[in-house]
Amino acid sequence: MGFKSSSSLPFCSMGRRGNRRPSLTAGSLALNFLLLIGFFGGIFRGRHRNDFSSPQPSSSRSKGAVVDKAAIEAIQRECLRAYPKPLLSILTKNTTEVIPDDVDEEPQRQMAFLTTEHKTTKGLFYPSLLDELLPPMRSYISEGTRFLDLGSGDGRMLFVASALGAHATGVEYDGDMIKHSKTALSALSSKSIVDPNRINIIQGDFFDIDFSEFDVLFYFDIG
């Protein structure tokens, strides 16, 4: 993608179904999972920013939030429940209209249930398995971290980051995915699993944002 970054930035590569791959160099274009930590020196500074801004801090959560298995499962469950029937049909390659009880009860089964990607306005969408991504998220996110998800999809990474104490911003180009993520956010907020004041979901192109406002940049690519 041509990010201008320091070779000291840590990279972790992960396949669509969680299989780890060897570390990649900073200039690699073959990224499947990219977690960038650090300051980007104002890349894209001065371009149209619109309302790209970090959510305002909230005092409703204590420092050192603990995200347990139940919270992770709830996030994955509500994200899947937010998918409308047409999207389920695409992701499962059949006329699925309902989520099977075993998949709803055990989110880890999502990866077997959802068999293909969805082609969105820009790029592809396929949900990530949070059990695989939680360890690095815990390593780099703490109370007050400014987190940016580049292409936030159904919002699940935002919800995890927020639960860990971050002020999470997601930029998603596809309007339908924005709707799905906000549906999941509403459900999770009603169950007090995430704080909506810590989450900002924006429709737009992430190349129009000033990365220097954030501490952690997340990008997941299907490859």
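## Two loop residues with positive phi

Lys-93 is found in the loop that runs between helix H2 (85–92) and helix H3 (101–105). In this predicted model, the phi angle of Lys-93 is near 60 degrees, a positive value in a residue other than glycine. Most residues other than glycine have a negative phi. Lys-93 has a relative accessibility of 63% and therefore counts as exposed, the cut-off for that class being over 50%.

Ser-192 also has a positive phi, of about 60 degrees, although it is not a glycine. Its position is the loop between helix H7 (175–190) and strand S6 (199–203). With a relative accessible area of 64%, Ser-192 is exposed.

## Overall organisation of the chain

The secondary structure of the chain consists of seven helices and seven strands. Read along the sequence, these elements follow the pattern β-α-α-α-α-β-β-α-β-α-β-α-β-β.

Of the 223 residues in the chain, 54% are buried. The accessible surface of the chain comes to about 10400 Å², and carbon and sulfur atoms account for 50% of that surface. Among contacts in the chain with a separation of 6 or more, 70% are between residues 24 or more positions apart.

## Packing of H1 against H6

Two packed helices are described by the angle between their axes and the distance between the axes. For helix H1 (residues 69–81) and helix H6 (residues 156–163), the axes come within 10 Å and cross at roughly 150 degrees. Angles over 145 degrees count as roughly antiparallel, and H1 and H6 are therefore roughly antiparallel to each other. Their crossing is right-handed.

On the H1 side, the contact is made by Ile-72, Ile-75, Gln-76, Cys-79 and Leu-80; on the H6 side, it is made by Arg-156, Phe-159 and Val-160. By class, the contact of H1 with H6 comprises six nonpolar residues, one polar residue and one charged residue.

## Packing of H1 against H5

H1 also packs with helix H5 (residues 130–140), at an angle of about 125 degrees and with the axes 11 Å apart. H1 and H5 are therefore oblique to each other. The crossing in which H1 passes H5 is right-handed.

H1 contributes Ile-72, Ile-75 and Gln-76 to this contact, while H5 contributes Leu-130, Asp-131 and Leu-134. The residues of the contact of H1 with H5 divide into four nonpolar, one polar and one charged.

Pro-107 is located in the loop between H3 and helix H4 (110–113). Its relative accessible area is 0%, so Pro-107 is buried; the limit for that class is under 20%.

Leaving aside residues up to four places away in sequence, Pro-107 touches Glu-73, Gln-76 and Arg-77. Pro-107 and Arg-77 are 30 residues apart in sequence, and their C-alpha atoms are 5.9 Å apart in space.

Notes: Residues are numbered from 1 along each chain as its sequence is written. This is a predicted model: local features need pLDDT of at least 70, side-chain atom pairs count only at pLDDT 80 or more; totals for chains, interfaces and linings use all residues. Side-chain values use heavy atoms; hydrogens and water are left out. Axes are lines fitted to C-alpha atoms, for helices over the stretch in contact, and angles run from 0 to 180 degrees between N-to-C directions. Helices (H or I, at least four residues) and strands (E, at least two) are DSSP runs, numbered from the N terminus. Angles under 35 degrees count as roughly parallel, over 145 as roughly antiparallel, 65 to 115 as roughly perpendicular and the rest as oblique. A crossing is left-handed if the near helix is turned anticlockwise from the far one by less than a right angle, and right-handed if clockwise. Contact means heavy atoms within 4.5 Å. Ala, Val, Leu, Ile, Met, Phe, Trp, Tyr, Cys and Pro count as nonpolar, Asp, Glu, Lys and Arg as charged, and the others, Gly among them, as polar. Buried means under 20% relative accessible area, exposed over 50%, partly exposed in between (1.4 Å probe, protein chains only). Accessible areas come from the Shrake-Rupley method with a 1.4 Å probe; for residues, only the protein chains shown count as cover.
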